[in-house]
Amino acid sequence: MYETLNLEVVDHVAVVTMTTKTFVPQLFADIGAAFRGLAGRINGSTDPDDDIRAVIFCSDQKCFSYGLDLMAAFQEHGEIFTGGMAGERQALLGLIRLWQADIQAVADCPVPVIAAIHGWCIGAG
């Protein structure tokens, strides 16, 4: 269903597992889609078997994550990272807002989200 995530629901707990250790651009889109989909299931379901009470967000890698893969981001979006005029700056702002909305979907989830971090995790921002 997703390129960079697995999603399963077991005993009313959704487990979202990252299958990559870096935040490649596709991972942002997958995270946003998965958590928005979970929110829709939680808020819109009348099926008691679909009752999701919590989400565990984890990784199947040796580490949880070490952040955005800048090389992958530059390969996919390099033209807007290199500066330029207003058009490139607006495109970069649009991309940042899109990524922020995808990550915000985690914070907006209507049930508790537990980050099951193992190994090392490096982040900034």
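Two strands pair if DSSP finds at least two bridges between them, and helices (H or I, at least four residues) and strands (E, at least two) are DSSP runs, numbered from the N terminus. In this predicted model, local features need pLDDT of at least 70 and side-chain atom pairs count only at pLDDT 80 or more, while totals for chains, interfaces and linings use all residues. Residues are numbered from 1 along each chain as its sequence is written, and side-chain values use heavy atoms, with hydrogens and water left out. The protein has three helices and four strands, and from the N terminus on its elements follow the order β-β-α-β-α-α-β.

**Strands**

- Strand β2 (residues 13-18) is joined by six bridges to strand β1 (residues 5-10), and the two run antiparallel, with Leu7 having Val16 of β2 as its bridge partner.
- β1 and β2 form a hairpin with two residues between them, and in the turn Asp11 has a positive phi of about 50°.
- Six bridges also join β2 to strand β3 (residues 54-59), but these two strands run parallel, and Thr17 stands opposite Cys58 in β3.

**Burial and contacts**

- Of the 125 residues of the protein, 38% count as buried, where buried means under 20% relative accessible area, exposed over 50%, and partly exposed in between (1.4 Å probe, protein chains only).
- Because five of its six residues are buried, strand β2 is largely enclosed by the rest of the structure.
- Among the contacts in the protein with a separation of 6 or more, 71% come from residues 24 or more positions apart, a contact being heavy atoms within 4.5 Å.

**Helix packing**

- Helix α2 (residues 70-81) packs against helix α3 (residues 86-107) at an angle of about 140°, with their axes 8 Å apart; axes are lines fitted to C-alpha atoms, for helices over the stretch in contact, and angles run from 0 to 180 degrees between N-to-C directions.
- That angle makes α2 oblique to α3, since angles under 35 degrees count as roughly parallel, over 145 as roughly antiparallel, 65 to 115 as roughly perpendicular and the rest as oblique.
- The contact is made by Ala73, His77, Glu79, Ile80 and Phe81 of α2 together with Glu88, Ala91, Leu92, Leu95 and Trp99 of α3.
- These contact residues divide into seven nonpolar, one polar and two charged, with Ala, Val, Leu, Ile, Met, Phe, Trp, Tyr, Cys and Pro counted as nonpolar, Asp, Glu, Lys and Arg as charged, and the others, Gly among them, as polar.

**Cysteines**

- The structure holds zero disulfides, a disulfide being a pair of cysteine sulfur atoms within 2.5 Å.
- Cys58 is buried, with a relative accessible area of 14%, and Cys109 counts as buried at 10% relative accessibility.
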